[in-house]
Amino acid sequence: MEIIVKQDYDQMSRCAAEHIAELIRKKPNSVIGFATGRTPIGTYRELIRMHKEEGLDFSQVVTFNLDEYLGLGMDLSKPYALDQSYQRFMYEELFNHINIKKENIHIPDGLTKNPDEFCKAYEEAIKEAGGIDLQILGIGGDGHWAFNEPGSTLDSRTRVEKLNEQTIKDNYEAFYKEAGFTMEEMPHYAITMGLGTILEAKSLLMLANGAKKAKVVAKALYGPVTDQVTASAIQVYKGKATIILDKEAASMLDSKDYN
Ligand code: PGA
């Protein structure tokens, strides 16, 4: 795996966007796995800039998002402002601002009446698209990838997962508090791609920033491969993994491991 450390969040974001853009220029019909969370927002802003100013073309790009809260989605009967779904996040932070085709966007349906069937169909859709060329990932405070909480196995597939306490707290602070929700009102279940699904992507791009992530990044990259830190799956990944960090998130790594 290649570890790239940048001075700050903006530089990390620009570097990550360039990495994604390079793939799209080389393969315009790339299949890209997108992630949500605070971490990739800067990367998405840079991709939007590249689209508007440099003509980066998303017209043939196909996307699959990692996860979605169960019970949330683009339900038009609910007030828009109350919808904290990842679907809304993706449209607001990226898809509304680029020339991506709606039919090429795949986000787990948090409003599905039959989650098990939906998860199977999601796996099938990834296969039918030819697999994921590049999967973008953050890392949770508990070391998770997507919503693969501690205890998730390396061969896990797309499924419903119960969020653990730390994730509920982290995501409440990051997204729900400002929208006026109480912690109890936040969804406690989600649909998530499994670790096995993620490890089948042809390449991975993991991003992390801030001192809060330093310890968990070091655990994922150097610690034992364990279901207690599911991002440690990166150590058994067989494709090309690129990790882009800011200086703070890299502060517990050995500097001889990066450029
Ligand atoms: P964050 O979430 O980007 O909001 O820190 C990362 C994650 O949970 O994967």
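This report describes salt bridges and the nonpolar core in a predicted model.

## Basis of the values

The model is predicted, so local features need pLDDT of at least 70 and side-chain atom pairs count only at pLDDT 80 or more, while totals for chains, interfaces and linings use all residues. Residues are numbered from 1 along each chain as its sequence is written, and side-chain values use heavy atoms, with hydrogens and water left out.

## Salt bridges around aspartate 133

A salt bridge is counted when a side-chain nitrogen of Lys or Arg lies within 4 Å of a carboxyl oxygen of Asp or Glu. The count by this rule is 15. One of these salt bridges joins aspartate 133 to lysine 27, with 2.9 Å between the closest N and O atoms. The pair links distant parts of the chain, 106 residues apart: aspartate 133 is in the loop between α4 (115-128) and β6 (134-137), and lysine 27 is in the loop between α1 (9-26) and β2 (31-34). Here helices (H or I, at least four residues) and strands (E, at least two) are DSSP runs, numbered from the N terminus.

Aspartate 133 also forms a salt bridge with lysine 202, at 3.5 Å from N to O. Lysine 202 lies in the loop between α6 (195-199) and β9 (203-208), so this pair ties together parts that are 69 residues apart in sequence.

How accessible are these side chains' residues? Relative accessible area is sorted into buried (under 20%), exposed (over 50%) and partly exposed (in between), using a 1.4 Å probe and protein chains only. Aspartate 133 counts as buried because its relative accessibility is 9%. Lysine 27, at 31%, is partly exposed, and lysine 202, at 44%, is partly exposed.

## Salt bridges elsewhere

Within helix α3 (residues 86-93), arginine 88 and glutamate 92 are four residues apart, about one turn of the helix. Their salt bridge has its closest N and O atoms 3.2 Å apart. Arginine 88 is buried at 14%, whereas glutamate 92 is partly exposed at 32%. A network of salt bridges links Glu46, Arg49, Glu53 and Glu54.

## The nonpolar core

A nonpolar core is a set of buried Ala, Val, Leu, Ile, Met, Phe, Trp, Tyr and Cys residues joined through side-chain atoms within 4.5 Å. The largest one has 86 residues, and Leu47, Phe95 and Trp145 have the most contacts inside it. Helix α1 gives the most to this core, with eight residues.

Leaving aside residues up to four places away in sequence, tryptophan 145 touches several residues (heavy atoms within 4.5 Å), among them Leu137, Leu195, Ile198, Met206 and Ile234. In soluble globular proteins, nonpolar side chains tend to be buried together.
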